[in-house]
Every structure is written in structure tokens, then in C-alpha cells.
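These are my notebook entries on one structure. I list what I looked up, entry by entry.

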Amino acid sequence: MTKPRVAAWLAVLALAVGLASCTALPSMDGLTDAPAARSTPTVATGKGRMDKKKAADLLARRWAKATPDMKALAVLEEAATGVPLVAGNKVTLLFDGPATMREMMAAASSAKTSINLETYIFDQDEVGLQFADVLIEKQKQGVTVNVLYDSVGTLATPKEFFERMKQAGIAMVAFNPVNPAARVGKWELNNRDHRKLMVVDGKVAFTGGINISSTYANSSFFRSKRKPDTTDSKKVGWRDTHLKIEGPAVASLQYHFIDAWVNQDAGELPEREYFPPLVPVGDKIVRVLATDPERESEIYKSFMLAIQEAKKSVHITSAYFVPDRQFVDALCAAAKRGVDVRLVLPGVTDHGLVFHAGRAFYDELLRSGVKIHQLQVAILHAKTAVIDGTWSTVGSANIDRRSFLHNYELNVVVLDAGFGTDMESAFSEDMRDSKEITLEQWRDRPWSDRLKEWAARLTEYWI
């Protein structure tokens with residue numbers, strides 16, 4: 001069977017599976033009723049959880065310049081997700097593919113004990129081959145390298161590419177194989193590993209939206225004085241965001257990699273010290289949210305709570321935007337109560353179906369006062385948000401049912417005003433390269449576009 005026919009068959013099968021499993025997103029009713037004002041959020045460190053007094057003192061110092069409601073939001077978020085805050089981290093914001101790949105390859109090249117890589121796409125192209133060469137060389141040097149790659153995300157990657165790494169001694173696992181015979185009794189084609197995570201020596205981690213692919217090799221001209229030639233699609237880069245994390249939170253990220261590996265019945269990982277002692281290396285307080293289809297999405301609940309509790313601003317950059325009714329209602333309600341709600345969404349896309357499905361909500365959002373900006377100079381792939389200048393999230397989860405219900409996703413929430421300033425700066429530059437869509441302009445769009453939106457909305461339950 002040819003590759004196009006295989007892709008078509010998988011698309012039809014995924015549609016059937018998706019429509020047969022229309023799971024509902026968690027209700028937010030009652031989640032804002034926790035006694036937030038009287039509580040102190042749980043804070044973990046490399047040595048365990050802080051006692052309440054030390055945690056309260058730390059948060060008071062770190063959040064002295066934040067909004068008065070930061071502690072209350074942190075308590076609500078913990079009650080909804082069950083995940084504590086982790087203190088003492090250094091968090092570096094990485095923009096787009098070139099900068100991220102340089103940092104990741106440099107960290108991998110410096111590895112002393114282990115490299116754990118989890119990715120949705122791992123292409124056999126210039127960047128993919130360079131990355132594979134680094135991993136193979138480190139394995140030869142005695143570093144333990146473990147790679148978990150999604151079998152649908154890598155469907156177009158030749159098997160020989162992965163076999164070469166396996167022959168070099170790298171432990172390789174294909175997540176939820178497409179072939180039902182490869183995992184008898186546990187065939188889960190509709191559940192994909194969409195996470196992007198690399199942990200080096202158990203001490204430094206990278207996560208966000210960027211896959212291992214030359215797709216990101218062209219800069220999106222973010223933070224650049226030069227402008228792209230938008231008449232040539234090959235010269236227009238991809239806009240994405242990643243994080244480099246050092247400190248106690250790396251242990252949580254390492255745990256989620258190992259948990260995903262074990263749940264694939266892949267056997268024990270090669271023995272190494274995956275959890276070395278971690279001391280504070282910075283002042284950032286984070287929450288690591290890793291979701292899977294077996295639980296209500298902690299990422300969704302965290303996102304919704306932050307929007308519902310917003311007092312000043314909700315600034316979201318979303319590559320694939322197909323929100324459910326609760327999410328749309330939350331955005332509209334925030335705008336109506338005077339919050340500055342702005343969305344940076346794709347102006348061009350690599351996924352037409354999702355593009356048109358998301359646009360079906362524009363009229364209602366615009367009527368409620370939500371500002372919509374469409375990025376023009378790049379293909380948008382980032383999944384980020386900054387709310388009230390202090391609550392930020394960067395990760396792999398899109399704002400759609402697939403990410404919130406069916407995929408394995410990973411987002412990091414950073415509760416910090418300084419980091420929020422960096423996120424706001426990035427958001428402002430995205431808006432600079434975007435075109436705002438007004439309600440009048442939107443209502444004048446062609447009827448052909450309206451039909452595409454209507455048709456795309458019918459697929460909401462599986463895209």
C-alpha cells in the first residue's frame with residue numbers, strides 16, 4: 001500500500017475512533033470554590049515538600065510584586081490538578097527552532113550519564129540526522145540514550161533511520177504502534193504521545209512545542225529586524241516556543257518520561273542514576289502538568305482556572321485553536337468583565353481542517369470583545385499563554401479536544417512576574433507581525449470560507 005493510501009486509511013480510521021469516543025471535557029463547576037484565601041500552596045524542593053510556614057515566606061518574597069490574587073490562583077490550581085509547585089528553578093525561554101536545536105544539541109553533547117528523549121516527530125532530514133548523530137556518538141562514549149517516539153508522528157520517517165540508532169545501542173521505543181499486532185490487546189491508535197521532552201543527566205530538561213525536524217530550521221524572523229519574503233513559502237519559518245529548565249523541577253519531568261516508557265511495556269530502562277540530587281539553581285516557581293487519556297486533563301483545568309480568575313489580561317498564542325464551549329464562554333466572560341483578552345492565531349497554517357474549525361468561533365469571540373490577531377510572517381506552532389502578567393504556560397498541548405482528551409501532553413506553568421514580562425514581550429512581538437481581525441471584516445468574509453468553517457466544525461470531536 002502506498003504512503004498516501006496509508007495516510008488516507010489512517011485518517012478515516014482516526015475519524016471513526018474519535019467519533020466513537022466523544023468523551024466530555026471536565027466541568028469547571030465548583031472548582032473555584034476552594035478556600036484559596038486561607039490556604040498556602042504546597043511547594044516542593046529537591047529535598048521534599050516545604051513546611052507551610054517556609055512555603056508561605058518563600059511565596060511572599062517571590063510574589064511581592066505579583067497580583068494579589070496569585071496565591072489564591074495557585075491554591076485553586078493545586079486543588080484542581082493535585083500537582084504541587086516546585087521552587088528553585090532556572091527557566092530559560094527559547095524562541096523557534098534554530099535557537100532551541102542549538103541549545104538541545106549542546107546539552108546532549110555535554111551529557112555524562114544519560115539522555116532521555118521523548119518526541120512526537122523525529123524526521124530523517126538535516127536536523128534529524130544531526131541530532132541522531134549526536135545521540136549515537138554519546139551512546140558510543142558510554143552515555144545511556146533512551147528514545148521514545150510516536151509511531152503516527154514518525155509515520156513518514158523511514159524505519160532504517162531508527163534502526164541505525166538501535167544498532168548503535170540506543171534503546172528505542174515506538175509509542176502506541178500503528179500495527180495492532182505490535183501491541184496485542186493494547187492498540188490505542190487514537191491516543192498519541194504529543195509531548196516534546198529531553199532530559200540530560202537528570203539535571204537539565206527541555207520541553208515545549210518543537211519537534212526534531214528541519215521544519216523549524218528557517219527562523220520565523222521572530223525578534224529580527226529583517227522581514228521574510230512571504231511570496232516564497234519555503235522561506236517562511238515556523239514560530240514556536242520551548243523551555244530549558246534546570247533545578248528541582250527536572251526530577252518531575254524525568255519521572256514523566258520514565259512513566260511513559262514503562263506504560264508502553266518497554267521493559268526496564270538501562271540502569272543509571274536518573275534522579276541525581278538537585279539543588280536550587282534559580283528562583284522560578286513552576287508546576288509541571290503531564291496529562292494522558294486516562295485522567296481528566298489537568299492542563300485544561302489549569303488553563304480554564306487562570307482565565308476565569310484573570311483580572312487584567314489574557315494573552316494566548318495558539319497554533320491549533322478549536323476550543324470547546326466552556327473555553328469559549330470563559331474567554332467571552334473575561335472580555336465582558338473588562339479583561340484585555342487577545343489571541344494570536346494562525347494567518348497561514350499547515351492544517352487546513354483545524355484552521356477552519358477554529359475560525360467558526362470568531363464571530364462570537366469578537367462580539368464579546370475578544371481581540372483576534374492572525375500571525376502573517378510564519379506558520380504558527382507555539383502553544384503558550386500569559387495571564388495577568390504572572391501566570392504563564394509553555395508546552396505541547398493545543399487548545400482542542402485532541403490535546404485535552406486523547407493525547408499525552410506536557411505543559412509547564414511558571415508563576416513569576418519576571419518570566420511573565422518576557423512572555424509579554426514575546427506576545428507583543430507576535431502581535432507586531434500579525435493582522436488584527438475586526439468584527440466588520442469578519443462578517444464580510446466570503447461564503448466559501450463560511451462553508452469550510454461549518455464543515456470543519458463537524459469534525460470537532462476528533463481533531
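Leaving aside neighbours within four places in sequence, which residues is R62 in contact with? I take contact to mean heavy atoms within 4.5 Å. With those neighbours left out, I find R62 in contact with D283, K284, I285 and D416.

Basis of the entries. I am working on a predicted model, in which local features need pLDDT of at least 70, side-chain atom pairs count only at pLDDT 80 or more, and totals for chains, interfaces and linings use all residues. Residues are numbered from 1 along each chain as its sequence is written, and side-chain values use heavy atoms, with hydrogens and water left out.

R62, continued. I placed R62 in helix α2 (residues 52-62); helices (H or I, at least four residues) and strands (E, at least two) are DSSP runs, numbered from the N terminus. R62 has a relative accessible area of 25% and is partly exposed; buried is under 20%, exposed over 50% and partly exposed in between, with a 1.4 Å probe and protein chains only. I also checked R62 against L415: they are 353 residues apart in sequence, and 9.3 Å apart in space, C-alpha to C-alpha.

Cores. I use nonpolar core for a set of buried Ala, Val, Leu, Ile, Met, Phe, Trp, Tyr and Cys residues joined through side-chain atoms within 4.5 Å. The largest one has 68 residues, and I307, I316, L331 and L365 have the most contacts inside it. A second, separate core has 36 residues, F175, I258, V286 and V386 being included.

Helices α8 and α9. The axes of α8 (residues 298-309) and α9 (residues 325-336) come within 9 Å and cross at roughly 20 degrees. Axes are lines fitted to C-alpha atoms, for helices over the stretch in contact, and angles run from 0 to 180 degrees between N-to-C directions. That makes α8 roughly parallel to α9; under 35 degrees is roughly parallel, over 145 roughly antiparallel, 65 to 115 roughly perpendicular and the rest oblique. I noted the crossing of α8 and α9 as left-handed, meaning that the near helix is turned anticlockwise from the far one by less than a right angle (right-handed if clockwise). Y300, F303, M304, I307 and Q308 of α8 meet Q326, F327, A330, L331 and A334 of α9. The contact of α8 with α9 has 8 nonpolar, 2 polar and no charged residues; Ala, Val, Leu, Ile, Met, Phe, Trp, Tyr, Cys and Pro count as nonpolar, Asp, Glu, Lys and Arg as charged, and the others, Gly among them, as polar.

Helices α5 and α6. I read a crossing of roughly 15 degrees for the axes of α5 and α6 (residues 159-167), which come within 9 Å. α5 passes α6 in a right-handed crossing. By class, the contact of α5 with α6 has 6 nonpolar, 1 polar and 2 charged residues.

Backbone. Most residues other than glycine have a negative phi. N176 is not a glycine, yet I find a positive phi of about 40 degrees there. N176 lies in the loop between β6 (171-175) and β7 (197-200), and counts as buried at 1% relative accessibility. I logged D265 too, with a positive phi near 55 degrees. D265 lies in the loop between α7 (249-263) and β11 (284-291), and counts as partly exposed at 49% relative accessibility.
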